[in-house]
Amino acid sequence: MRSKREISVAEPNRHSTASKVALYIILAASSVPFLYPTLWMFFSSFKPANEIFIQPPTLLPQNWTIDGFAQIFTAQPFVQQYGNSIYIAVVVTSASILLSAMAGYAFARIEFPGRNALFVLMLAALMVPTEVTIIPIFTAVSALGLNDTHWPLIILPTLGPTSVVSVFIFRQHFLSFPKEYEEAARLDGLGRVGIFLRVAMPLAKPAIAAVGIMAFLRSFNMYFEALIFLHTPEKFTLGLAITRYQDIYGEPMWATQLGAASLTVVPILVVFLFAQRQFVQGMAQVGLKG
Amino acid sequence: MRASRTKVAALTLTGLIAASLTACAGGTAPSGPVELTMALWSSNEGHLALLQQIGDAFVAEHPDEVSSISFEPVTNPDYIAGLTTQVAGGNVPDLAWIPESSALEFVNEGILHDVKSTLESTSGYDLNDILPAAIGGWEGDDGAIYAYPFSNSPFGLYVNNDLLAKAGQSDIASIVGTDAYTWQTVADLGAAVHTAVGAEGLTVPQFTPTNWSALTMLGTSWGAEPWSADGKTCELNSPEMVEYLKWYQDQVARGAMPEVTGSIASPAFAGGNVTFAVAQLSTSGALDDSLDWTFLPLPAGPAGYAPIIGQAGVSVLERSANPQQASDFLAYLTNPENAALLAQFFPPPRESLLNVETLQKAAPKLSAEEIQSVIIDVVPDATVKAANPVLSQFTDKVRAGLDPIWTGGDVTEAVTATCESISPIIEG
Amino acid sequence: MAFVAPQVLGVVALGLVPFAFVIWYSLNEWRPLTGAFNFIGLDNYTQLFSDPTFYASLSASLLFGAALLVFNLSIAMVLAVLLNQRLRGTSAFRTIIFSPVVVSVVAWSIVWSFLLAPNGGINGFLAMIGIDGPNWLGEPGTALISVVAVQVFKGVGMNMVLFLAALQGVPAEMKEAAQLDGANPWRSFWSITVPMIAPTILLTCILTTIGSLEVFAPVQLLTGGGPGNATNVLPYFLFRTAFVSQQFGYASAIGVVLFAIILGLTLLQWFSRRRWVHDEV
């Protein structure tokens with residue numbers, strides 16, 4: 001059953017051919033600054049070093065070479081780093097969904113003392129800039145012996161200030177949830193946990209999709225935290241790894257860097273292409289109340 | 001839920017307690033063998049393997065003092081930032097590589113441990129073998145020694161002969177050592193190549209607006225220094241520096257040198273599109289036979305020939321928990337035998353090692369003449385980039401002040417404003 | 001209560017507690033490499049408020065934030081409206097426009113540093129149509145707007161999706177009714193659509209403002225804060241103060257001031273909502 005606001009209504013198609021063509025032209029032109037850099041990044045990974053700097057700059061390589069691309073895997077344990085990024089992102093995403101859904105549900109549906117004050121506190125935490133707080137966090141992480149492990153990279157995005165946005169999304173979603181379901185479930189004898197797991201969550205798919213994608217992206221592209229906490233190349237995540245392609249003299253290997261960056265982007269784009277609708281729906285509830 | 005709530009609380013509490021304990025912990029010198037760590041910026045496997053080999057040999061000889069030595073590259077591309085973060089977080093290495101730009105500052109602030117007595121008392125160390133010009137920047141006023149300058153790499157001029165030939169220009173190596181070998185000549189050739197075939201003329205690869213000293217350092221051959229010898233008076237507005245910077249602007253305007261902006265790197269010499277590059281011998285490692293290149297000493301400016309050298313030192317940190325053991329290892333690492341091993345990668349400061357056979361290993365792609373003229377003849381007299389005891393406090397202000405110059409702004413205005421903004425800081 | 005505990009405790013422990021430490025650091029002079037840590041009270045703040053670089057950095061941040069907000073939101077809205085038409089292929093365009101959101105900010109900045117170079121892709125393209133492009137990142141007049149553009153293209157896709165979702169929640173009947181009353185699309189957009197999606201606009205406004213004041217990586221990779229202090233936004237100034245000048249106390253003071261600014265602007269936007277957001281808040 002869908003609430004009224006879940007109906008996706010795009011404008012019905014009543015445009016003349018001329019305006020349709022105009023629309024396509026505008027869209028195509030607007031897409032260029034979004035697409036060209038990614039394309040340039042991709043094709044440059046197949047260029048020999050001197051072509052990347054060539055005047056005037058080109059998109060397609062004149063001399064295709066696989067050398068730069070091949071070095072992605074030889075210069076660093078890229079496959080392992082890819083795996084690191086993925087498993088960390090998966091853990092962060094699942095933990096994030098669960099924990100922020102729990103908190104969002106509580107803020108929306110459970111009356112408890114100080115609820116509003118706590119929520120405002122959480123929102124305030126969202127505004128704390130990371131560059132400063134990283135030092136006390138780093139001190140604590142070092143003291144716990146968790147330096148150069150993946151733990152800070154998992155705990156920070158899941159439990160840290162950036163997760164407040166996820167809590168917010170779930171709260172908004174649960175606020176617009178008809179109360180009748182819960183009352184019916186309570187009559188059926190379900191406790192709070194049961195209601196949450198069996199009634200609320202299954203109907204929260206759009207919010208889950210939205211939070212899931214955002215959490216996954218944030219974790220997958222993490223750079224600053226990885227820079228501070230990780231030291232061994234085998235432990236690196238992708239955001240950090242792609243900046244580390246340097247030859248033994250410290251000169252950047254441009255084609256390789258750009259190729260590695262391309263490889264990190266493509267799978268996510270494919271996922272997004274297919275999961276778009278759920279993502280958009282999930283975002284639909286975001287602005288509604290409170 | 002209850003379990004995870006308790007876990008999180010416990011973790012947080014532990015973290016806070018541990019953090020405060022670490023901050024409060026003094027250091028009672030541990031008895032028994034200690035573990036030493038050295039921070040460095042290189043992740044080169046060859047470097048690390050050699051260092052580990054020397055480290056293990058030291059441990060074998062002193063098992064009661066040191067149980068292990070580990071070498072930990074700082075992965076942050078900004079070495080000082082990474083080292084500072086590490087130390088701020090409570091992880092203080094015993095030894096560290098120090099870039100020369102930080103040398104004077106670190107010596108002044110007491111960050112480095114004085115190792116002179118250890119070096120003098122180590123038998124066979126031969127302190128006098130170390131060139132005074134090399135170690136000068138690492139000594140205190142009272143004769144203390146704060147680092148061993150393990151790498152002394154002169155700046156030279158890489159020349160792409162293929163491009164010169166393509167543009168129909170003469171071979172430049174023939175005028176080296178004569179009065180005709182000047183920056184002006186080089187710039188003229190660069191402009192000619194740029195006009196003829198579009199390649200870059202003369203580049204200074206390390207130069208970006210943030211790293212402005214890579215350009216101002218070449219002003220020494222115009223007689224220009226950024227500040228007085230004691231570092232307390234700003235001399236960026238001196239007539240010599242103004243003349244040099246105007247010369248730079250002229251070269252950019254005519255295409256002899258490329259425009260430099262932001263944090264963008266200039267094209268690498270190895271790419272084959274650059275006629276002249278001011279760089280050190282490490283750049284030769286990326287070169288191969290596909291390019292006909294030579295490595296020459298720097299040209300002379302209006303005030304003559306001013307060779308410049310880039311240095312790196314290895315020190316014991318004053319905050320180390322084990323300064324004596326670390327100093328002992330430093331003495332071992334840099335004694336004549338091991339210094340010869342290090343020379344495979346880094347041009348040494350020891351006179352006894354400044355010969356072609358030793359240096360050939362550090363620069364396999366250079367010919368014997370190149371090694372002689374660019375390295376051996378240069379190291380004893382070369383000066384390092386001007387250092388200042390409070391450089392890190394004003395380097396960004398200089399960047400902001402000099403920025404207009406790189407895009408053709410008024411030089412005199414810019415350097416005057418820069419001196420105004422940094423004078424309060426350097427006067428101390 | 002237990003539901004909310006892990007998340008709340010986490011945010012407090014990882015966001016607010018470290019910030020409390022930061023406030024403490026800002027009252028001290030802390031030079032990590034020398035180990036000096038001395039209490040100096042509010043000296044860092046007095047020094048900060050008389051530091052010309054701080055004011056330059058502040059104005060760079062505010063200009064940057066304002067420009068980013070205006071361009072990001074308006075472009076996102078225009079694109080959302082365009083893509084709300086039921087035409088074939090809009091999902092492909094949606095993906096293209098969203099794709100930079102997914103690219104790592106480091107990779108995106110590096111690519112743009114090549115494109116914005118004096119003889120880079122953009123100027124090469126302009127040369128083809130006879131325009132002599134400026135030194136985008138080197139001229140004070142164009143540097144800031146270039147970094148804004150790079151950040152806008154990176155992030156506008158996310159806001160576009162938010163607006164798109166909100167637009168699709170506007171009942172078609174209302175727009176049709178307005179049309180029957182003779183209102184043209186422009187009028188109906190402003191009088192009907194915008195008020196209905198006002199809560200979403202407010203939210204994106206707040207999130208974009210917060211994000212714009214914390215931008216760091218593009219500045220580091222494109223301009224290094226220059227030319228002059230044109231792009232020396234507060235997070236970058238903070239970073240250089242902490243890690244280059246090694247003044248952790250002073251940098252912490254900058255951090256506290258930055259937080260105060262973000263908080264102030266957010267509260268401003270939040271409390272002004274009664275003026276133009278009519279949904280129950």
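Contact here means heavy atoms within 4.5 Å. This is a predicted model, in which local features need pLDDT of at least 70, side-chain atom pairs count only at pLDDT 80 or more, and totals for chains, interfaces and linings use all residues. Residues are numbered from 1 along each chain as its sequence is written, chains are lettered from A and ligands numbered from 1 in the order written, and side-chain values use heavy atoms, without hydrogens and water.

I start with A:Leu263. With residues up to four places away in sequence left out, A:Leu263 touches A:Phe69, A:Ile72, A:Phe73, A:Phe78 and A:Tyr82. A:Leu263 sits in helix 14 of chain A, residues 254–284; helices are DSSP runs of H or I, at least four residues, numbered from the N terminus. A:Leu263 counts as partly exposed because its relative accessibility is 26%; buried is under 20%, exposed over 50%, partly exposed in between, with a 1.4 Å probe and protein chains only.

Next, C:Ser245. This residue is in the loop between helix 11 (234–243) and helix 12 (248–271) of chain C. C:Ser245 has 10% relative accessibility and so counts as buried. Its contacts, again without residues up to four places away in sequence, are B:Ser392, B:Gln393, C:Arg31 and C:Arg240.

Last, a helix pair in chain C. Helix 3 (residues 52–83) and helix 7 (residues 140–167) of chain C pack at about 40°, with axes 6 Å apart; axes are lines fitted to C-alpha atoms over the stretch in contact, and angles run from 0 to 180 degrees between N-to-C directions.

Methods: Helix = DSSP H or I, 4+ residues; strand = E, 2+ residues; numbered from the N terminus.
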